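Colleague: I am new to reading protein models, and I would like to go through this one with you step by step. Could you take my questions in turn and show me how each answer is reached?

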Amino acid sequence: MKNKMMAMILAGGQGTRLGKLTRETAKPAVPFGGRYRIIDFVLSNCANSGVRQVGVVTQYEPLELNDHIGNGEPWGLSGHEKGATILQPYTNSEGEKWFEGTANAITQNIAFIDSKNPEYVLVLSGDHIYKMDYDAMLQSHIDRDADLTVGVIPVDIKEASRFGIMNTDDNGKIIEFDEKPKEPKSNLASMGIYIFNWKKLRKYLVDDNNGSKGMMDFGHDVIPAYLENNESIYAYSFDGYWKDVGTIDSLWEANMEFLDPDHSLNIRDDNWRIYSKNPVAPPQFISENGKVNNSMLADGCYIDGSVEHSIVSQNVELGANSSIEDSVIMANATIGKDVTIKYAIIGEFANIQDGVKIIGTRDNIQVIGFEEQVGGTDYENE
């Protein structure tokens with residue numbers, strides 16, 4: 001069914017809750033797991049699911065993301081009847097066309113979708129960590145004769161107010177939807193994964209866009225409109241690993257879980273590989289004084305200190321008598337001598353000078369931003 005469905009990945013968000021890490025790059029381009037960027041997971045899901053036409057909607061700080069995706073070749077998305085297309089805001093005779101919401105981003109790219117002539121459109125968020133077979137979800141959509149299928153997952157009821165919450169009948173049909181409710185009635189959360197029948201969604205977007213209101217957001221506008229008009233909406237339950245890494249705590253936690261070889265994400269599964277675009281780097285080097293335990297080191301690292309339960313990305317240098325523990329070090333960071341780093345995320349190209357202490361706690365992760373220079377100042381539980 002791969003020729004019937006195309007994907008639209010919404011990757012234009014700023015990700016303000018990631019603070020320093022997204023000041024100069026879009027959230028989906030934030031590094032993850034030593035060798036990847038967050039968007040690699042959804043792109044790999046598309047490739048593994050047989051979805052060959054992908055549009056990536058970008059807006060905020062798109063340069064690094066655009067360069068990373070390119071023509072989609074690392075994910076097998078380039079070639080005959082394949083493609084990964086970057087879709088950015090544009091200007092026409094009606095003025096500037098900034099994307100004003102998830103649904104509006106699709107509305108402004110209707111011409112692109114029409115050019116691919118899909119029967120179904122898969123709408124995805126570009127900032128979640130998970131592995132999922134979208135073809136199986138499409139089969140469920142077809143079998144139920146649905147107008148819309150929403151990927152859902154149970155969450156802790158204490159966290160439910162962060163999500164769109166679904167109530168379903170015994171057959172999985174969605175009968176009620178509440179976007180980020182203060183008092184959630186259930187813990188069945190939307191994953192931000194939707195399969196629409198394109199002709200019907202197009203009609204909603206075009207008809208309403210010509211009116212006074214405008215369909216701006218799927219959660220606030222489109223799904224409520226579908227419910228109001230008694231469209232056939234079903235939940236597709238997912239029971240695997242799924243992580244919204246929109247906060248510093250969740251990003252750090254997901255990286256630490258990534259270190260567990262028995263974790264349900266199972267990055268070593270050859271039947272469902274996670275692809276990425278990585279520069280060529282020399283082999284890693286651990287000096288006679290270097291010590292590494294329960295950690296992940298990428299190519300090009302030079303380790304002259306100790307690394308414990310941490311992820312160290314490509315081309316990181318760690319000086320003598322320095323230690324890294326329970327932390328994530330992003331690519332091309334330089335760490336001097338006699339440095340202590342605990343419970344921290346160190347951004348790309350950061351420079352940590354000799355003797356600095358960056359010490360957080362499990363509940364207070366310290367963050368050093370992209371190209372940030374740290375010298376003469378200790379970061380301890382700030």
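Colleague: In this predicted model, which residue's backbone oxygen lies 2.6 Å from a polar atom of the side chain of Arg37?

Modeller: Arg37 is found in strand β3, which covers residues 36-37, and among the residues that Arg37 touches beyond four places in sequence are Pro28, Ala29, Glu64, His68 and Glu348. One of these contacts involves a polar atom of the Arg37 side chain, and the backbone oxygen lying 2.6 Å from that atom belongs to Ala29.

Colleague: Is Arg37 buried or exposed?

Modeller: A residue is called buried when its relative accessible area is under 20%. The relative accessibility of Arg37 is 16%, and therefore Arg37 counts as buried.

Colleague: Asp217 is another charged residue, and it has no salt bridge; which side chain of opposite charge is nearest to Asp217, and how far away is it?

Modeller: Asp217 lies in the loop between α6 (198-209) and α7 (218-228), and, leaving aside neighbours within four places in sequence, it is in contact with Thr102, Ala103 and Val222. A salt bridge would need a side-chain nitrogen of Lys or Arg within 4 Å of a carboxyl oxygen. Asp217 is buried without such a bridge, and the nearest side chain of opposite charge is that of Lys180, at 8.0 Å.

Colleague: Which element gives the most residues to the largest nonpolar core?

Modeller: The largest nonpolar core has 39 residues, and Leu124 and Tyr134 have the most contacts inside it. Several elements give two or more residues to this core, including β1 (5-10), α1 (39-48), β8 (120-125) and α5 (134-143). With 5 residues, the element that gives the most is α1.

Colleague: How many residues of α1 are buried?

Modeller: The buried residues of α1 include Ile39, Phe41, Val42, Leu43 and Cys46, and also Asp40, Ser44 and Asn45. Helix α1 is mostly covered, and of its 10 residues the number buried is 9.

Colleague: In helix α8, how many residues are buried?

Modeller: Helix α8 spans residues 248-258 and is mostly covered. Among its buried residues are Ile248, Leu251, Trp252, Met256 and Phe258, along with Ser250 and Asn255. Of the 11 residues in α8, the number buried is 8.

Colleague: Asn294 and Asp326 both have a positive phi; which of them is buried and which is partly exposed?

Modeller: Most residues other than glycine have a negative phi. Asn294, with a phi near 50°, lies in the loop between β17 (291-293) and β18 (296-297), whereas Asp326, with a phi of about 50°, is found in the loop between β23 (323-325) and β24 (328-329). Asn294 has a relative accessible area of 43% and is therefore partly exposed. At 12% relative accessibility, the buried residue is Asp326.

Colleague: What percentage of the residues in the protein chain is buried?

Modeller: The C-alpha atoms fill a box of roughly 65 × 45 × 45 Å along the principal axes. Among contacts between residues at least 6 apart in sequence, 55% join residues at least 24 apart. Of the 382 residues in the chain, the buried share is 55%.

Notes: Residues are numbered from 1 along each chain as its sequence is written. This is a predicted model: local features need pLDDT of at least 70, side-chain atom pairs count only at pLDDT 80 or more; totals for chains, interfaces and linings use all residues. Side-chain values use heavy atoms; hydrogens and water are left out. Buried means under 20% relative accessible area, exposed over 50%, partly exposed in between (1.4 Å probe, protein chains only). Helices (H or I, at least four residues) and strands (E, at least two) are DSSP runs, numbered from the N terminus. Lys and Arg count as positive and Asp and Glu as negative; His and the chain ends are not counted. Contact means heavy atoms within 4.5 Å. A polar contact is a pair of N or O atoms within 3.5 Å; within protein, one must be able to donate a hydrogen and the other to accept it, and residues adjacent in sequence count only if both atoms are side-chain atoms. A nonpolar core is a set of buried Ala, Val, Leu, Ile, Met, Phe, Trp, Tyr and Cys residues joined through side-chain atoms within 4.5 Å.
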